[in-house]
Amino acid sequence: MGDTDMGDSTSPLMLRRRLRTELRAARLDSNLTQEQVAKAMEWSMSKMNRIEKAKSGISANDLRVLLPFYGITDEKRTGELVALARAARESPWWSRYTEIAPAKLLELIDYESAASAVSQFEPMFIPGILQTEEYARAVLQVFYDEKSAAERLTALVDLRTRRRGLLTRENAPHFSFVLDESVINRVVGSPSIMSRQFQHLANLAKLPNVTIQVVPFTAGPHPGMKGPFEVVQFADTPDENIVFLEGPRGDIISDDPEETENYLKAFKRITAASLGPSDSVKRLLQAADEMT
């Protein structure tokens, strides 16, 4: 069995994916179909599919019944898999924000935490995961009126700040960001807030797993003008990549392979029209100087 050390991630999705890989391999080794397993376990096919696509966890009790059916009776291996199943059902750090944050955003963070690569285009604002606390507060105040509880605003800012830890954690995904030049020219909060935000971006761009590029106005029309999007990729199963779309009527997460592939192609076209990474950082630092 593969390594089941759970100290490298608090992502339930990553742990579910690790467990489902083990279980799917065991099922195939036993020459069993999903239908046969579902019938033997008295599960619906939808439950069987959710477990094997890592969309839901499996209880320790169900797992203890399933493993012998797969021919797994070794106590040590059973204990490892049960421990993995239990860990995968534990609440992650972002669950404390369930009452105040959009459900799709928290779902996105779960996907990001299990990803190998994240590609994001943003035409209006600095991406949330790259925002300084003061920039985040200035943005959120626009979308939450003065009557909104200050506690909620503070919690949402805190969520954005904590999410930033994903950039620097061990085995972090590779993040590629492309910002439309309008993001640089739109003053959020104040010129001094913007200047510090640009400096922050330049510092983050030094991370080995972070690339930040700017698509200039001179590039003309490009596919990103339709709106912001983020593609989350998984190295082991590209067919399970997802795309996150923000819109005025709510956020959408799609796992349709054709749709995610189309957005990946669009991202590559936008990147090709962008300034290179070093020139983009120069542009950000220039903007920081102009704002002071």
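Which residues does Ala-288 touch, not counting residues up to four places away in sequence? The legends below answer this and describe other parts of the structure.

The model shown is predicted, so local features need a pLDDT of at least 70 and side-chain atom pairs count only at pLDDT 80 or more, while totals for chains, interfaces and linings use all residues. Residues are numbered from 1 along each chain as its sequence is written, and side-chain values use heavy atoms, with hydrogens and water left out.

**Figure 1. Overview of the protein.** The protein has twelve helices and six strands, which are DSSP runs numbered from the N terminus (helices being H or I with at least four residues, strands being E with at least two). Its C-alpha trace spans about 65 × 40 × 35 Å along the principal axes. Of the 292 residues, 49% are buried, where buried means under 20% relative accessible area, exposed means over 50% and partly exposed lies in between (1.4 Å probe, protein chains only).

**Figure 2. Surroundings of Ala-288.** Ala-288 has its place in helix α12 and, with a relative accessible area of 1%, is buried. Not counting residues up to four places away in sequence, Ala-288 touches Ser-195, Phe-198 and Gln-199, contact meaning heavy atoms within 4.5 Å. Although Ala-288 and Phe-198 are 90 residues apart along the chain, their C-alpha atoms are separated by 5.5 Å.

**Figure 3. Crossing of helices α10 and α12.** The axes of α10 (residues 191-204) and α12 (residues 277-291) come within 8 Å and cross at roughly 155 degrees; axes here are lines fitted to C-alpha atoms, for helices over the stretch in contact, and angles run from 0 to 180 degrees between N-to-C directions. The two helices are therefore roughly antiparallel to each other, a description used for angles over 145 degrees. The residues that make the contact include Met-194, Phe-198 and Leu-201 of α10, together with Leu-284, Ala-288 and Met-291 of α12.

**Figure 4. Nonpolar cores.** A nonpolar core is a set of buried Ala, Val, Leu, Ile, Met, Phe, Trp, Tyr and Cys residues joined through side-chain atoms within 4.5 Å. In the largest nonpolar core, which holds 54 residues, Leu-130, Leu-159, Phe-198 and Ile-212 touch the most other members. A second, separate core of 24 residues includes Leu-23, Leu-63, Ile-72 and Ala-85. In soluble globular proteins, nonpolar side chains tend to be buried together.

**Figure 5. Polar contacts of Ser-254.** Ser-254 is found in strand β6 (residues 252-254) and counts as buried because its relative accessibility is 10%. The side chains of Ser-254 and Glu-259 are joined by a polar contact of 2.6 Å, that is, a pair of N or O atoms within 3.5 Å, of which, within protein, one must be able to donate a hydrogen and the other to accept it, and residues adjacent in sequence count only if both atoms are side-chain atoms. A polar atom of the Ser-254 side chain also lies 3.2 Å from the backbone nitrogen of Asp-256.

**Figure 6. Arg-24 and its partners.** Arg-24 lies in helix α1 (residues 12-29) and is partly exposed, with a relative accessible area of 26%. Leaving aside neighbours within four places in sequence, Arg-24 is in contact with Glu-52 and Thr-237, and a polar atom of its side chain lies 3.5 Å from the backbone oxygen of Glu-52.

Key. Parallel < 35°, antiparallel > 145°, perpendicular 65-115°, else oblique.
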